[in-house]
Amino acid sequence: MPDIEIGREGRVQTIRFNRPEKKNAITRAMYREMADALNEANDDDDVAATLIMGTAGIFTSGNDLADFMAVAAGGEQANDVHDYLQAMANAKKPFIAAVDGLAVGVGTTTLMHCDLVYASPQAWFQTPFLDLGLVPEAGSSLIASRIMGHQMAYELLVLGERWTAERAERAGLINTIVDAGKLEAHAMEQAQRLAAKPPQALALSHGLMRNGPEEIVERIRHEGQMFADRLKSDEARAAFMAFMNRKRA
Ligand code: COA
């Protein structure tokens, strides 16, 4: 089975993380597929919306830490990640998420690019960027405050607090909490409702609500440079080694 499943239900494109044995950690190849799917949807009249999902109890544990270490070692470029983040910022079609269980790092910041987010009562959200010696990414240093205000965004992104679904709902990160058994069906129903809207009116309204991607695109670029430098820092290297060695202690 592929680590990312791209599918279609009517005019709704689906993206599913499917690497549960690694808590759906996202590798560079997975970022590439997601970036391509989002970009191709922009120009495909048969796609009206994209729904992103994980597996039972796992949305995603974020960037694959082994991939981070490879970048930190200097041999790799992080272009696939960057392309995925820019594809989200530039998405012309509605982007919907169904989150069951853990959503860590880019698993949480991805939601800040979504137009509708549904989560199960078991969902939890955390961005441990600072504890990994890193900085917030995906434009989150700009977008999160807009969604939830500075103090809440700071608690999530800088303090790295682990949020329950209730807390995320109060903060405005998610729309509604839906029982796990009904979560994907509900998210799909909402996506299909959007897909049934008059396409031109939807495209125009989506553009108005997103208010132009330029500022976010620029922030992703700026964060990305800082992030790439931080990956090579002693703080980050020590944190990655601690994760890799944690089961040996
Ligand atoms: N990158 C690479 N591998 C990861 C991973 C990640 N982000 N998250 C989990 N995994 C792997 C683990 O190494 C483990 O692999 P193994 O069985 O070969 O040892 C497997 O997935 C299961 O993870 P495990 O840690 O045993 O599950 P858990 O339920 O105890 O904890 C998490 C789950 C998500 C809390 C924990 O795995 C974690 O903290 N992961 C790192 C999250 C992170 O820092 N992401 C980057 C954010 S910027």
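**Notebook: ligand site and pockets**

I looked up where the ligand sits: its space is the largest pocket. I take "sits in" to mean that more than half of its atoms lie within 2 Å of the pocket's grid points. A pocket here is an open set of points on a 1 Å grid over the protein atoms alone, where a 1.4 Å probe fits, with protein on both sides within 12 Å along at least five of seven lines.

The model is predicted: local features need pLDDT of at least 70, side-chain atom pairs count only at pLDDT 80 or more, and totals for chains, interfaces and linings use all residues. Residues are numbered from 1 along each chain as its sequence is written, and side-chain values use heavy atoms, with hydrogens and water left out.

**Ligand shell**

Nonpolar covers Ala, Val, Leu, Ile, Met, Phe, Trp, Tyr, Cys and Pro; charged covers Asp, Glu, Lys and Arg; the others, Gly among them, are polar.

Next I checked polar contacts (pairs of N or O atoms within 3.5 Å). L65 places a backbone N or O atom 2.8 Å from a ligand nitrogen. At S61, a polar backbone atom is 2.9 Å from a nitrogen of the ligand. K23 uses its side chain: a polar atom there lies 3.4 Å from a ligand oxygen. On its own the ligand has 860 Å² of accessible area, and the protein covers 69% of that. Areas are from the Shrake-Rupley method with a 1.4 Å probe.

**Largest pocket**

I noted a volume of about 1,100 Å³, which is the space filled by probe spheres set on the points. Its lining (residues with an atom within 4 Å of a point) holds 46 residues, with G62, N63, D64, L65 and F68 nearest the centre. The classes are 24 nonpolar, 8 polar and 14 charged. Helix 10 (214-231) is among the elements that supply at least two lining residues. Helix 10 also gives the most, 6 residues. Helices are DSSP runs (H or I, at least four residues), numbered from the N terminus.

**Second largest pocket**

I found about 660 Å³ here. Of its 26 lining residues, M112, C114, D115, M209 and R210 are closest to the centre. Helix 9 provides the largest share, 5 residues. By class the lining is 15 nonpolar, 7 polar and 4 charged.

How values were computed. Polar contact = N/O pair within 3.5 Å; in protein donor to acceptor, adjacent residues only side chain to side chain.
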